[in-house]
Structure formats: structure tokens, C-alpha cells
Amino acid sequence: MHAPLPPAETLRTALAGLLDGLPPKQAAQAVERLIASYRGATPTDAPILRDRADVAAYAAYRMPATFEAVSAALGAFADAVPEWVPGGHVDVGGGTGAATWAVAATWDGVRPVTVLDWAEPALALGREIAAANPALRDARWQRSRIGAALTLESTDLVTVSYVLNELTAPDRTALVDAAATAAQAVVIVEAGTPDGYARVMEARDRLIGAGFHIAAPCPHSAACPIAPGTDWCHFSARVSRSSLHRQVKGGSLAYEDEKFSYVAATRFRPAPALSRVVRKPQIRKGQVLLDLCESDPLLRRTTVTKRYGDLYKAARDAGWGDPWPP
């Protein structure tokens with residue numbers, strides 16, 4: 001018997017099948033148009049993803065990156081709550097369900113899963129893809145307007161990935177408040193840009209105000225030590241590039257790096273990292289420079305040299321976003 005494929009590979013295989021029969025040029029044009037739409041103004045009542053061709057192209061292009069970013073955020077969260085396993089999951093604005101795949105890859109077992117989105121073609125395609133994942137075969141795919149009128153059923157975990165950027169400020173506030181009311185844990189992921197980080201910080205403040213504790217990436221629930229407007233906190237996840245990626249973006253690299261910002265918070269007390277590597281480590285001869293966010297809270301650069309022995313070896317292996325010390 002063959003061992004089952006890892007979730008990421010299963011997802012890529014399912015996505016590759018979506019493009020069968022869709023001319024590569026048409027798929028690339030659909031992705032380019034949709035990217036332009038998402039970078040524009042806040043969407044109107046008409047969903048940007050209009051039909052199956054739109055959704056298939058965009059899912060094949062974006063789902064792997066969303067999966068890897070959300071998986072990285074959930075991995076850091078799971079490290080801070082090692083004894084906790086979500087009994088139910090609601091993915092708000094989940095589209096084709098990349099975050100549900102990431103949750104299923106982070107925690108074993110089958111749980112009630114609901115995906116809410118306004119774009120019916122995205123939900124239909126997500127349901128179709130989910131048939132390849134035993135943990136998602138019974139998931140509910142429900143059309144719902146994401147905004148001020150949203151109400152959520154009680155659940156253990158709510159994920160909101162790459163959604164806040166599509167909403168007005170009042171709708172963002174309403175969504176975060178609804179998630180805080182419904183869930184024991186909330187994980188929010190946005191693009192790793194200054195604006196994405198600002199949206200995550202707004203959500204973080206509201207979650208703390210609602211009584212939540214920050215589990216990741218921050219090693220504390222105090223104010224972020226980054227002075228507003230001077231920098232932004234973000235991380236990176238490596239994504240294997242498909243032929244569609246290469247056609248749309250050009251170049252021949254087999255991978256690209258997805259930059260993202262996130263916050264994971266819980267109603268119960270987590271055990272966050274003592275500090276976290278918030279920039280790509282700089283490896284020099286005989287030393288490693290680590291930029292850390294610490295629990296004080298403060299930002300600090302530490303230098304780990306060969307004289308630290310095993311800690312130096314760990315520093316050489318440390319990655320952007322990892323807890324420190326390991």
C-alpha cells in the first residue's frame with residue numbers, strides 16, 4: 001500500500017486537475033484580471049470570482065500560497081497550545097477553502113468544518129477539491145455575506161485569511177468582533193505588507209480588548225514594540241511554483257516566497273515563545289545575527305557565536321518566524 005501524499009501535494013494534484021481543458025493563455029489572463037481586481041477598491045456586492053473558469057484559475061494560482069502561509073501561522077499557534085486540538089472550525093471568507101486544508105494538515109482527525117463565502121462558484125469548487133481530503137469530505141460550504149451582518153455559530157477555531165483587505169473598516173471591525181464572540185481561538189492572516197500588518201494590528205487590539213491572549217507570533221499580549229510607520233512585522237513561507245505561476249509572473253524559479261502577517265489568539269492562556277525571530281537570520285563567519293521580538297516587550301538583535309556551542313548550531317538552523325531559543 002502506498003503512503004498517503006502530504007496535504008500540500010494532495011492539494012497541488014487536485015488543483016492541477018482543475019486546469020485540464022482550460023487553455024493556459026486563458027488561465028493566465030483570468031489570473032491577471034483577478035489580481036488587478038483584488039488590488040483595486042473594496043469589492044461591490046458582485047463577487048469578483050464570477051464563474052468556474054475564474055475560480056479554477058485563481059485557485060490554482062493562489063491556494064498553494066494561502067495554504068503555506070496559513071499553515072505556517074497555525075504551526076506557530078499549535079506550538080503555543082500543544083495540548084489543544086480544535087473540535088470545530090469555521091473559515092470566514094474562505095473561498096475555495098485553503099485554510100481548511102491547512103487546519104487539517106496541522107491537527108489530525110475529522111472535525112465539523114464550515115466555510116463561509118459570498119462567491120458561490122468558489123464554494124462549489126472548494127467542495128469539489130475537498131473530496132480529495134478525507135478530513136474535509138463532510139465540510140459545509142455556505143454562501144454568506146461577510147461583513148457587518150455576519151453572525152457565527154459557536155466553534156473552537158475561526159480562521160480569516162486574506163479577507164480583511166476586501167472589507168470596509170466597519171465590516172472589518174464587525175467580522176473580528178463576531179469571530180471573538182463565537183470562537184475559543186482566532187487566527188487571522190493578511191498579506192505581509194505595511195497595510196496588511198496594520199489590519200492585523202487592528203484585529204489584534206480588538207481581540208485583546210475582547211479578553212483574548214496572543215499565542216503567536218508575538219511572545220506577549222502587550223502593545224507591539226514597532227513604532228507605527230517605521231516598520232512592519234511579517235514572515236515568509238516558501239511555495240512551489242506551478243507552470244501557471246511561472247506563466248503569470250515570468251521567470252523559471254521552482255519556488256517563490258509568500259510574505260504574510262498574522263495573529264493567533266485564544267480565550268485560554270497559551271504558552272507563547274519566549275522570543276521570536278522576526279527577520280531572516282544573518283549568517284556570518286563564526287556568528288549568527290538574530291533579530292528578536294521578546295516578551296518584555298522589545299525588539300533586540302542578538303549575536304550568537306561559535307563559543308555558544310549547540311546554541312550556535314541552533315542559530316545557524318533558525319528560520320525567519322521561528323521561536324527562540326529553540
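Me: Is strand S4 (residues 155–161) largely enclosed by the rest of the structure or largely open, and how many of its residues are buried?
Reply: This is a predicted model, in which local features need pLDDT of at least 70, side-chain atom pairs count only at pLDDT 80 or more, and totals for chains, interfaces and linings use all residues. Residues are numbered from 1 along each chain as its sequence is written, and side-chain values use heavy atoms, with hydrogens and water left out. Strands (E, at least two residues) and helices (H or I, at least four) are DSSP runs numbered from the N terminus, while buried means under 20% relative accessible area, exposed over 50% and partly exposed in between (1.4 Å probe, protein chains only). Strand S4 is largely enclosed, because the buried residues number six of the seven.

Me: Which residue of S5 is the bridge partner of Leu157?
Reply: Two strands pair if DSSP finds at least two bridges between them, and S4 is joined to strand S5 (residues 183–191) by six bridges, running parallel. In S5, the partner of Leu157 is Ala185.

Me: What is the relative accessible area of Thr302?
Reply: Thr302 belongs to strand S12 (residues 298–305). Thr302 counts as buried because its relative accessible area is 16%.
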